Amino acid sequence: MTKNECVQSSLAGKNHVTDPFIRKGDSILSVMYSVPIKHDGKVVGVLLESRDGNALSEYTDKVKFGKTGRAFMINKDGVIIADNDRKQVILDKIDELSFIN
């Protein structure tokens, strides 16, 4: 999903969160959030934020099952988007060529 698609989604009144992606230019793993800004019930703008894509993995790092079990997160397409092995997330995203402008 491109930045423009996030903005368009929020201009249509929807909150949006992307899967982690590798930012073009600096190759940093990121997640983009967008929400509509409303005034008198009408969308008048969009608030857009890009955050560290490893934040999701920090949540799964805290989940433990027994002595050796661990958690990871996948998206609806079965792609790993959070894992205690950060390379798994990055490799999956590079394999998909998930670059964003």
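Reply: For what follows, a residue is called buried under 20% relative accessible area and exposed over 50%, with partly exposed in between. The model is a predicted one, and a salt bridge is counted where a side-chain nitrogen of Lys or Arg lies within 4 Å of a carboxyl oxygen of Asp or Glu; by this rule the count comes to four.

Among them is the pair of Arg51 and Glu49, whose side chains meet at 3.8 Å, N to O. Arg51 has a relative accessibility of 44% and therefore counts as partly exposed, and Glu49, at 41%, is partly exposed as well.

Another of the salt bridges joins Arg23 to Asp26, with the closest N and O atoms 2.5 Å apart. Here Arg23 is partly exposed because its relative accessibility is 26%, while Asp26, with a relative accessible area of 38%, is likewise partly exposed.

The pair of Arg70 and Asp83 is also a salt bridge, its closest N and O atoms being 2.8 Å apart. Arg70, with a relative accessible area of 40%, is partly exposed, whereas Asp83 has a relative accessibility of 2% and so counts as buried. As a general point, side chains of opposite charge can pair when their charged atoms come close.

Technical notes
Residues are numbered from 1 along each chain as its sequence is written. This is a predicted model: local features need pLDDT of at least 70, side-chain atom pairs count only at pLDDT 80 or more; totals for chains, interfaces and linings use all residues. Side-chain values use heavy atoms; hydrogens and water are left out. Buried means under 20% relative accessible area, exposed over 50%, partly exposed in between (1.4 Å probe, protein chains only).
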